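Me: Please take a close look at a single part of this model. Give the cut-offs for each term as you go.

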Amino acid sequence: RPAGLAEVFQSAAMGVLGQHSTGLRDTVPGVRPAGLAEVFAGDTVAKDVQADVFYPQPDTPNDLKRFRRPPSPGRISVHWAQVDDKIAAPDFSYGIRTHKGENVATTLDAGRVEGIAEYIHQRGESIYESTKREPLGRGYSRGHVLPQQTQSAEFRFGIKQTQGEQGKEIIFPRGNVPEPETVRKQYVMTHGSYDPGEAVDRKYEWPIDPRAHRFGTGADSHGNRNGEGVKDAVTMDRDYGGGFPATRIVKREAEDFRRVNNDELGKSRNLMQGMPPVPPGFSFGVGTNESGITAGECIRGWYPEPEQLPDPDLGTCLKVGRRNQTVETRAFGCPSIRNDIPRPRVRSVADCQNYGNEVGASALLNPQRFELVGIPDSDFLLRRPRDELRDILSCAGYTFDDDLFGTLWQQAVALFNDSEELASLDALLFVYSEHINQEVAQKCGSLTQSLKQSQLPQTRPIPAQ
C-alpha cells in the first residue's frame, strides 16, 4: 500500500464510523459495511510527504553505476562501455613484433645462379613461349615483319622536327590575314563574339545616330557644376545648388495628412492614437536590476555541491510498487519471428507476420537467377527421371535425337556414382555443354584438344539438395 494512503483510509474511517475500544465503531449498523478499514501505527503525514527521507531508496547496483553520469563536478566523463576497460600504457604498441631475419638482399641472392648453372637455367627457360616473345630487357615481340630499313640502329620513327620553330609563334602565329567583316558579324550573331568595347547592336531603327548621341543631361546644363551632382542627391532638403527651397503656401489639410501618413526620420510611426498620457522623458519597460549579479554568475551558478548533485530519482523510480525489477532471465515482449506459434495452413494476404519460413537479408540482396519467374536454384539440383528431364528441355526449346539424349543421360547419371537412374537438370546441362565444346574443338581443327577432352570427368561435385 503506498505511503499516505493509510492516513486517508484512517481519517475516513474516523469520520464515518467512529472509534471504540476495539479500534473502529460502526455508526450505521443497519448498513452492511464494504471494504476493509485498518489502522497503521506510526504512519504520519510527514512520512507520507517526505517518503525519500524516512524511506530512502537503496543505492544504485554496482553493475548499473557505469550507465549513470558522473555524480560530482570535475570528474572526467567516460563512456559506459569503457568504464572497466584497462587502458594500455602510453608506450604500448599493438600488433606482433616483426622477426628481423633475412633482408631483401639475402632473399634476392638466394635465387642467383652464375656460370654453368646460369646457362643451364637459361636453356631450360628458353622452351617457354613467354621467354621467346618477351625476353628479359627487351620489348614484347608480336611477330610483326618490319621493313629492312627499320633494322638499322640509326632508324627513328616519326617525322624529324624542323629546328627554329618557337612555341610563341605556334600559339600566336604572325602574318595571318584577319577575317572579313561579314564573317565576324556571323560569329557575333551565332556566338556573341563581340570585340572589346563594342556595343551590342540589336538592329534598332533609331531616329537619331546612336554612335554620336548621348542620353541624359549634360554637365553644362546647370552652370557647369562638376562634382556637385552627388551632393545635390544627398541633400534633398535643399534646393538645387545648395540653397534653401522657396517657401510655398499649401493647404493645411494636405500638410496634416502628410505628417500623419508618412514616417518621420528618428521618430516612431504615428498610429493615429494621439500622444500617450505620460510625462516627458518617460520610458516604458522594467528597469535593470542593479543587484550586482552578472550573466556569467547566473550560468555558472553559486549553489553548494550537495545542491548540484543530480536528483535522487534520476534513472530510477522512487515510487513504491512501480520499479521494473525482476529476477527472471527470459526475454520480455513479442519476438519478430514467431517460431513459438504454429504457422497457419492458409495464410492471409494481410498477414505480415514472419513465421520463420521466409528468406533473410542475404537472399534479398543477392536474389537467385530465376527467382522472378518462381524457379529457385534448388530445382536445378533436384534429381528427376529421364522422361521428366526431356520434357523440361523440350519445353525450354532444346531438341535432341534419341541417340544423343541417351548418351547425355548416361553420362549425367554416371556423375552421381550410385545405382539410381536419376539425374539433375544441372548435371545434364553440364554434360551437354561439354559435348558442345568437343564439337567446336573438332570443327576448329584442334585435334589434340579434342583427344584430351574425349573422356568426360567421372566425378563432379554435386551440392547438397
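Reply: Lys-203 is exposed, with a relative accessible area of 62%. (Exposed means over 50% relative accessible area, buried under 20%, partly exposed in between, with a 1.4 Å probe and protein chains only.) This is a predicted model: local features need pLDDT of at least 70 and side-chain atom pairs pLDDT 80 or more, while totals for chains, interfaces and linings use all residues. Residues are numbered from 1 along each chain as its sequence is written, and side-chain values use heavy atoms, leaving out hydrogens and water.

Lys-203 sits in the loop between α8 (181-191) and α9 (229-234). (Helices are DSSP runs of H or I with at least four residues, strands are runs of E with at least two, and both are numbered from the N terminus.) The phi of Lys-203 is near 65°, a positive value in a residue other than glycine. Most residues other than glycine have a negative phi. Asn-417 also has a positive phi, near 60°. Asn-417 belongs to the loop between α16 and β2. At a relative accessible area of 55%, Asn-417 counts as exposed.

First, the setting. The chain has 18 helices and two strands. Of its 465 residues, 9% are buried. Among contacts between residues at least 6 apart in sequence, 34% join residues at least 24 apart. (A contact means heavy atoms within 4.5 Å.)

Now α17 itself, residues 425-443. Its 19 residues should span 27 Å at 1.5 Å a residue, and its end C-alpha atoms are 27 Å apart, so the two values agree. (The expected span is 1.5 Å times one less than the number of residues.) Which residues of α17 are buried? They are Leu-425, Ala-427, Leu-428, Val-431, Gln-438 and Ala-441. These buried residues pack against α14 (378-381), α15 (386-395), α16 and β2 (423-424).

Take α16 next, residues 402-414. It packs on α17 at an angle of about 120°, and the axes are 9 Å apart. (Axes are lines fitted to C-alpha atoms, for helices over the stretch in contact; angles run from 0 to 180 degrees between N-to-C directions.) The two helices are therefore oblique to each other. (Under 35 degrees counts as roughly parallel, over 145 as roughly antiparallel, 65 to 115 as roughly perpendicular, and the rest as oblique.) α16 passes α17 in a right-handed crossing. (Right-handed means that the near helix is turned clockwise from the far one by less than a right angle; anticlockwise is left-handed.) From α16, the contact uses Leu-404, Phe-405, Leu-408, Trp-409, Gln-411 and Ala-412. From α17 come Ala-427, Leu-428, Val-431, Tyr-432 and His-435. By class, this contact holds nine nonpolar, two polar and no charged residues. (Nonpolar covers Ala, Val, Leu, Ile, Met, Phe, Trp, Tyr, Cys and Pro; charged covers Asp, Glu, Lys and Arg; the others, Gly among them, are polar.)

α15 also packs on α17. Here the angle is about 65°, with axes 11 Å apart. α15 and α17 are therefore roughly perpendicular. α15 passes α17 in a right-handed crossing. Leu-389, Ile-392 and Leu-393 of α15 meet Leu-425, Leu-428 and Leu-429 of α17. That contact has six nonpolar residues, with no polar and no charged ones.

How do α15 and α16 cross? Their axes come within 12 Å and cross at roughly 120°. That makes α15 oblique to α16. The crossing is right-handed. Arg-386, Leu-389, Arg-390 and Leu-393 of α15 touch Asp-402, Phe-405, Gly-406 and Trp-409 of α16. By class, these residues divide into four nonpolar, one polar and three charged.

Last, α14. Leu-381 lies in this helix. With 18% relative accessibility, Leu-381 counts as buried. Leu-381 and Leu-425 are 44 residues apart in sequence, yet their C-alpha atoms are 6.5 Å apart in space. Leu-425 is also among the buried residues of α17.

Methods
The expected span of a helix is 1.5 Å times one less than its number of residues.
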